Structure formats: C-alpha cells, structure tokens
Amino acid sequence: MIYTVTLNPSIDYHVRINHLKIGELNRAEETLYFPGGKGINVSRVLKRLGIDSVVLGYAGGFTGDFLKNALISENIAIDFTEVEEPTRINIKLKGDQETEINGNGPAISKEKQEKLLSKISSLNKDDVLVLAGSLPPTVPENFYETIASICQEREIPFVVDTSGPSLKRLIPMGPFLIKPNHHELGELFHVNIETVEDAIKYGKKLQNEGARNVIVTMGGNGAVLINADHTVLAKVPKGNVKNTVGAGDSTVAGFLASYIQNHDAIKAFQHGVSAGSATAFSEDLCTKESVEQLLPNIRLEIYR
C-alpha cells in the first residue's frame, strides 16, 4: 500500500478575481474549495489513476471535518490523527497574477507526534511512504528525519517532496524518489538552475549523495530524471497553464502509479511528467483521461 503523509494539510480556497484592487471591496468571479496539501494531492491523483493509498497526517476542527469528508467522497482511505485546533485554510487568489496566502496550521503536541510515528512504525517493506509538504510550526525540524529513520529500519521505500534544509538532510538517508523543482534545486546549492545541463549537473549530485531517483521539474522547459542507470530529459507540450498548484505532486503520483505496476523508471518518468502537465492545464488536478491523452506528446531524450 502507498501511504501519504501530509503533516500540515489545508482547505485550498480558490478565488478568481478579474482585477484585484488592494484596499477596496472585491467581488469574486468564482470560488472553489479543495482538500489541500502535497501528500493529499498525491493521494487524489493516485486514486484518479486507479491506485489506492491511505492518507496520514493531522486534521482538526470544522475545517478538518470538511477535509475528511471531501476525501471520503472521493473514496480515498484516511487515517488522520485528530488534533484540537482547526486545519488551516490556504487562499489562492487568481487574477492578473496568482497570489497565495497560506495559514500557519494547528499546534501538534508531543503525544500527537508520537501517535503518528506509531502508525508509520506499523508499515513494512512492501509499502511505500510519501513525505510531502511543509512542517506545522510546533513540529521539530527533524521530524521528517525521524520518520525516515523508521523507514530505514523497516526497509520501507520512501519518497520526499519537500524543500530547503529538510530535503537536504533527508537525501543521505536514501529516499527512493525526490522531486525538487529547478528553484528548489538551486537553493540547495546556492546557484541558479537555468539550463537542462545545470539541472542534470546538480541533480546528479543529489543522486550521488543518496537519492535513488531524482526528478527535477522545470515548468515549461520540461523535466529531467537522474538515477544510477539513466539520465533522461522529458519535453512537455505547449498548453494554456491554468493551475500551478499540485502539478509537482501530480508528477510524483504519476511516477509512482506507473512504477509500482511496471518497475520501469523511464516509463514511470514519462507518466509522471504527463500527469504534472495535465494538472497544469486543468482547473483542478489531472484525470486519468487527460494524462493518457497527453502521454504520447511527452517526448523523451535519453542522455545515457
């Protein structure tokens, strides 16, 4: 079974406004509500691609109830650890530009932290764990490392989709897959990633440091996959980008959905990039039909 961990989930409140006027009354053209959080996005896309998963993390209050009900309505299994404070709301303002306002998230007690760790300790090497997104304010900075240590001890393959110091510390622990975008990759090495060659150079460093598969996404410039056997560039088709939220999470889900069925990293990479592109071209997350439709247009160049 695939388990996704979203420590700081949200309700994503999308508000479309033609022209945002700061300091004045604005009326929305459209409002939408979605269950949010990187791990939750991975589970939602996996379900659409025909793969079951279990959502782990924290949920609380009336917003937590909305989150749980939304996932149940999509037939996604949940095993949240309940907390007292409400799950946060993230506002996505879509107008002339896209602006995001993210809530902080609830306080997570030591007892609740241990409860989640106990759940993860029950997994085994036939499972896959996805660690995705930011940490709640009260959770220790090394919490992901604690989870990764459990995975190492129990030989559980784990996927990491986070950024900054948390990602850097997890790479030597041997994640099965990491997926930084080119900005996040540049931040790790204090450089600007501007070309495919840059992405390959620094992605290879991460692979040498311990990550088994590295996918670097570069928006309209495609993505690269680097592992011990292959270096592959995926070129993406042109399209009308409607939604950048969840595109990277969809790439992770598309890769996993294909890999667990075929154990072919290159084919899984193509599926992942197709899923990420399909989400970018949609108002919500991709569908299986949109992924399959785009798949033949994801052109691969194998460097080795």
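This is a predicted model: local features need pLDDT of at least 70, side-chain atom pairs count only at pLDDT 80 or more; totals for chains, interfaces and linings use all residues.
Biologist: Which elements have the lowest and the highest mean pLDDT?

Modeller: The lowest mean among the elements is 87, for strand β7 (residues 98-101). The highest is 98, for strand β10 (residues 177-178).

Biologist: Where is Met 218, and what does it touch?

Modeller: Met 218 sits in the loop between β11 (213-217) and β12 (223-227). Its relative accessibility is 7%, so Met 218 counts as buried. Leaving out residues up to four places away in sequence, Met 218 touches His 182, Thr 195, Val 196, Ala 199, Ala 223, Val 224 and Leu 233.

Biologist: What about a buried residue in a helix?

Modeller: Ser 274 is a case, in helix α9 (residues 265-280). Its relative accessible area is 0%, so Ser 274 is buried. Beyond its neighbours within four places in sequence, Ser 274 is in contact with Val 291, Leu 294, Leu 295 and Ile 298.

Biologist: How many of the 11 residues of α1 are buried?

Modeller: Eight are, so α1 is largely enclosed by the rest of the structure. The buried residues of α1 are Gly 39, Ile 40, Asn 41, Val 42, Ser 43, Arg 44, Val 45 and Leu 46. Just after α1, Gly 50 has a positive phi of about 90°.

Biologist: How do I read a nonpolar core?

Modeller: In soluble globular proteins, nonpolar side chains tend to be buried together. The largest nonpolar core here has 45 residues, and Leu 129, Ile 147 and Val 224 touch the most other members. Helix α4 (residues 143-154) provides the largest share of this core, six residues.

Biologist: Which residues is Leu 129 in contact with, leaving aside neighbours within four places in sequence?

Modeller: They are Tyr 3, Val 5, Leu 56, Ile 120, Leu 123, Ile 147, Cys 151, Ile 156, Pro 157, Phe 158 and Val 159. There is also a second, separate core of 35 residues, including Ala 132, Ala 234, Leu 256 and Ala 275.

Biologist: How is empty space found?

Modeller: Rolling a probe the size of a water molecule over the atoms shows where empty space is left. In the whole structure, two cavities of 30 Å³ or more are found. The largest cavity holds about 90 Å³ of space.

Biologist: Which residues line the largest cavity?

Modeller: Asp 12, His 14, Phe 34, Pro 35, Asn 41, Arg 44, Asn 243, Val 245, Gly 246, Glu 283, Asp 284 and Leu 285 do. The elements giving two or more residues to this lining are β2 (10-16), β3 (30-36) and α1 (38-48). By class, the lining has four nonpolar, four polar and four charged residues.

Biologist: And what lines the second largest cavity?

Modeller: Its lining is His 14, Arg 16, Glu 30, Leu 32, Lys 94 and Glu 283, around about 50 Å³ of space. The classes are one nonpolar, one polar and four charged.

Biologist: How do I read an open pocket?

Modeller: Read its volume, then its lining. The second largest pocket holds about 260 Å³ of space. It is lined by 15 residues, and the closest to its centre are Asp 126, Asp 127, Val 128, Pro 157 and Ile 260. Helix α8 (residues 247-262) gives the most to this lining, with three residues. By class, the lining of the second largest pocket has nine nonpolar, one polar and five charged residues.

How values were computed. Residues are numbered from 1 along each chain as its sequence is written. Side-chain values use heavy atoms; hydrogens and water are left out. pLDDT is the predictor's confidence in each residue, from 0 to 100. Helices (H or I, at least four residues) and strands (E, at least two) are DSSP runs, numbered from the N terminus. A nonpolar core is a set of buried Ala, Val, Leu, Ile, Met, Phe, Trp, Tyr and Cys residues joined through side-chain atoms within 4.5 Å. Buried means under 20% relative accessible area, exposed over 50%, partly exposed in between (1.4 Å probe, protein chains only). Contact means heavy atoms within 4.5 Å. On a 1 Å grid over the protein atoms alone, a cavity is a set of points where a 1.4 Å probe fits but cannot get out, and a pocket is an open set with protein on both sides within 12 Å along at least five of seven lines; lining residues have an atom within 4 Å of a point. Grid points are joined across faces, edges and corners, and a volume is the space filled by probe spheres set on the points. Ala, Val, Leu, Ile, Met, Phe, Trp, Tyr, Cys and Pro count as nonpolar, Asp, Glu, Lys and Arg as charged, and the others, Gly among them, as polar.
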